[in-house]
Amino acid sequence: MPSDPASKIERLREEIRRHDRKYYVEAAPEITDLEYDRLVERLKRLEAEHPELLSPDSPTQRVGDRPVEGLVQVEHRVPMLSIENTYSIEELQKYGQRTTKLLDNKPGEPIEWVVELKIDGVAVSLLYELGRLVRGVTRGDGRAGDDITHNVRTIGGVPLRLDGKKVPAALEVRGEIYMTNSDLVKLNESQRRDGKPPFANTRNVTAGSIRQLDSRVCARRGLRIFCHGVGYAEGLRAATHMEFLDELRGYGLPVTPQAECFNSFNAAVDHCEGLIERLHELDFEIDGLVLKLNRFDQRERLGSTAKSPRWLIAYKFEKYEATTRLNEIRVQIGKTGAITPVAELEPVELAGSTVSRASLHNADEIERKDVRPGDVVVVEKAGKIIPHIVRVEKHERTGRPRKFVFPTECPECGTVLVKDSGGVYIRCPNLQCPAQVRERIRFYAGRNAMDIEGLGEVLVDQLVGEGLVSGYSDLYRLEDRQDRLLGMERMGRKSVDNLLDGIEACKNRGLARLLCALSIRHVGARVSAVLAEHFRSMDALQAASVEQLSEIDEIGPIIAASVYDFLHGKFGTETIDDLREVGVKMESVAPADEGSRVLEGKTLVVTGTLVKYTRDEIKELIVRHGGRAASSVSKKTDYVVAGENAGSKLAKAEQLGVPVLSEAEFEGLINRT
Ligand SMILES: [Zn+2]
């Protein structure tokens with residue numbers, strides 16, 4: 001150990017900075033908060049003994065001891081422009097096409113797009129000179145903002161000194177200061193203990209804290225930062241955004257998480273749709289996603305308008321929040337046995353509709369958010385996704401509500417539940433479980449599967465409840481139980497005939513629909529169509545090995561294993577034998593039949609909202625008739641099927657002279673034999 005105080009102090013500072021980086025940048029702390037505090041205390045003591053060694057970038061110097069007199073306006077060296085916003089996928093696609101055209105790339109020059117989360121916080125610019133933090137400024141009006149250096153210094157994730165030997169001579173990095181939902185829960189609890197009013201949301205706390213004159217107030221709020229952009233820089237090495245993020249990480253700056261790069265705009269847009277469904281997993285608020293060009297040289301070519309850069313766009317979604325009471329947590333059992341917790345809420349008005357349930361997704365989420373029956377919760381609805389719970393207003397807790405105990409046995413059949421290998425889902429493994437039977441039969445009869453007319457969800461519940469149906473094949477034996485059917489509530493002669501006709505008709509839906517209807521894990525409409533197309537009959541499919549299955553395009557090893565296990569397991573073989581016995585067709589439908597080959601070799605693109613079909617349904621139809629459903633229009637596209645509000649794809653089709661079909665015209669095409 002070095003004995004001179006200067007080296008001792010420098011070592012400790014290095015150690016603390018390393019732990020800051022572990023905590024804020026890598027999210028992988030090595031020591032506890034208490035151990036960390038002890039290190040800082042030790043450093044403070046040493047610095048007090050040797051005041052001549054004190055330096056402004058020491059980790060002990062984050063909080064000032066007296067308030068500043070007022071906030072001073074500072075001009076930005078490079079203006080902080082705003083971002084162009086869009087609110088629909090169609091608008092987003094239009095932007096993508098416009099930008100690609102504008103970019104006019106050379107043949108073979110890739111155009112890559114990065115998708116990032118758009119953090120709902122307060123925009124800030126941090127200026128580092130020779131690696132030292134010299135200033136923090138709010139965005140303000142974009143030309144000039146408030147100097148908030150004293151508060152920015154208190155934010156744990158903001159390094160006072162950049163890491164590494166080679167730091168840029170000047171670096172103005174831009175980011176968003178924010179607060180996590182769980183920190184807000186804690187803050188509001190302490191507000192309540194101090195008899196102060198709670199804060200409404202994380203954004204308000206952030207905006208209010210960052211403008212405090214006394215940095216000691218801001219320091220207590222636990223703010224954080226994510227960096228995502230650059231203003232003025234000298235000596236930056238990165239040539240692309242992904243490299244830039246890596247470079248920032250290397251300096252010890254936290255960057256926006258989950259940034260991903262794609263080699264086409266369409267792929268980036270597809271990714272956006274998936275991200276939105278996983279909003280509930282984030283512990284911080286986002287108000288959209290940002291798509292930006294990866295390469296800096298391409299950004300330069302595009303430049304900016306007076307208001308905003310041309311190389312990036314925000315895809316925002318309307319979010320609505322409401323506060324209500326959670327009365328109860330129930331669990332739902334899905335068709336494959338997955339158990340999903342659902343929050344039963346005191347009905348509350350949210351974006352023009354009444355919300356009385358919210359998904360809790362899984363046991364881990366209940367644990368992480370510490371949601372308990374009786375809690376006051378904040379529910380959020382964003383876009384078309386199911387409402388989810390953002391946080392618990394713990395400061396409103398009265399008494400000690402009991403934690404929700406996740407059942408260890410299936411509430412419907414009593415079987416001991418099992419945890420998915422590697423997954424977060426908990427499952428009832430009993431394939432005969434009445435809840436699963438009900439869900440499976442509902443699905444089997446549904447429009448995506450066997451499409452049985454006259455068999456709705458309520459009737460399925462009745463049939464299963466009466467013990468008339470416990471497996472798929474029982475449906476086909478109902479004609480022998482007509483007396484029982486007629487005895488059921490709301491079942492007259494006409495509805496019984498209707499039901500039996502519907503069941504009879506569904507025997508000939510063909511292999512693709514049957515496979516989809518069987519609720520095999522990982523097997524939906526698309527995979528079913530691929531399998532049916534390839535094997536043409538159940539016999540051929542059953543004879544295939546796992547290897548043969550996984551060699552097929554679009555069928556990976558996980559799907560292959562799932563299909564194989566189902567087809568060779570007891571439940572699967574019995575189910576198929578039973579269905580065969582009652583006369584369900586096990587082959588791909590013949591060309592003269594439903595699945596004509598009129599679209600053989602043709603590529604179709606669907607756009608806009610259709611009246612009769614969902615996207616999956618029409619894509620399945622296309623495949624079943626021998627065609628290929630693509631997602632973007634090119635010269636190779638044979639037809640575009642356009643519904644209501646068709647946007648850019650329709651325009652592209654017209655531009656390229658690709659024939660455009662209405663929904664009715666498409667139906668005419670496939671019914672022609
Ligand atoms: Zn069960």
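This report describes the domains, the zinc site, the salt bridges and the cavities of one protein structure. The model is predicted.

**Domains**

The domain assignment of the protein begins with domain 1 (5–61) and domain 2 (85–316). Taken over C-alpha atoms, the centres of domain 4 and domain 6 are separated by 34 Å.

**The zinc site**

Which residues hold the zinc ion? The ion is coordinated through the SG atoms of Cys410, Cys413, Cys428 and Cys433, at 2.2 to 2.4 Å. Along the chain, these donors follow the spacing C-x2-C-x14-C-x4-C. The angles among the four donor atoms run from 100 to 115 degrees, and the site is tetrahedral. For four tetrahedral donors, the ideal angle at a metal is 109.5 degrees.

Two of the coordinating residues can be described by their accessibility. Cys410 has a relative accessible area of 4% and is therefore buried, the cut-off for that class being under 20%. Cys413 has a relative accessibility of 26%, so this residue counts as partly exposed.

**Salt bridges**

Side chains of opposite charge can pair when their charged atoms come close. In this model the count comes to 56 salt bridges.

| Pair | N to O distance |
|---|---|
| Lys186 and Asp183 | 3.6 Å |
| Lys316 and Asp287 | 3.8 Å |
| Glu367 and Lys403 | 3.5 Å |

The pair of Lys186 and Asp183 lies within a helix. Both residues belong to helix H5 (residues 181–193), where they are three residues apart, about one turn of the helix. Is Lys186 buried or exposed? With a relative accessible area of 53%, Lys186 is exposed, whereas Asp183, at 14% relative accessibility, counts as buried.

The salt bridge between Lys316 and Asp287 has closest N and O atoms 3.8 Å apart. This pair links distant parts of the chain, 29 residues apart: Lys316 is in strand E11 (residues 312–316) and Asp287 in strand E10 (residues 286–293). Lys316 counts as buried at 16% relative accessibility, and Asp287 is buried with a relative accessible area of 15%.

Glu367 and Lys403 meet through their side chains in a salt bridge of 3.5 Å, N to O. Here too the pair links distant parts of the chain, 36 residues apart. Glu367 is part of helix H11 (residues 363–369), while Lys403 sits in the loop between strand E16 (388–392) and strand E17 (418–419). Glu367 is exposed, with a relative accessible area of 54%; Lys403, with 44%, is partly exposed.

**Cavities**

Rolling a probe the size of a water molecule over the atoms shows where empty space is left. How many cavities of 30 Å³ or more does a search of the whole structure find? The search finds four. The largest cavity has a volume of about 160 Å³ and is lined by 18 residues. Among these lining residues, Arg17, Asp20, Arg62, Pro159 and Leu160 lie nearest its centre.

Note on methods:
Residues are numbered from 1 along each chain as its sequence is written. This is a predicted model: local features need pLDDT of at least 70, side-chain atom pairs count only at pLDDT 80 or more; totals for chains, interfaces and linings use all residues. Side-chain values use heavy atoms; hydrogens and water are left out. Donors are N, O and S atoms within 2.8 Å of the metal (3.2 Å for Na, K and Ca); water is not among the atoms, so sites may look incomplete. Four donors count as tetrahedral if all angles lie between 85 and 135 degrees; four count as square planar and six as octahedral if opposite donors are over 155 degrees apart and all others between 65 and 115; anything else is irregular. Buried means under 20% relative accessible area, exposed over 50%, partly exposed in between (1.4 Å probe, protein chains only). Domain bounds come from an automatic or database domain assignment. A salt bridge is a side-chain nitrogen of Lys or Arg within 4 Å of a carboxyl oxygen of Asp or Glu. Helices (H or I, at least four residues) and strands (E, at least two) are DSSP runs, numbered from the N terminus. On a 1 Å grid over the protein atoms alone, a cavity is a set of points where a 1.4 Å probe fits but cannot get out, and a pocket is an open set with protein on both sides within 12 Å along at least five of seven lines; lining residues have an atom within 4 Å of a point. Grid points are joined across faces, edges and corners, and a volume is the space filled by probe spheres set on the points.
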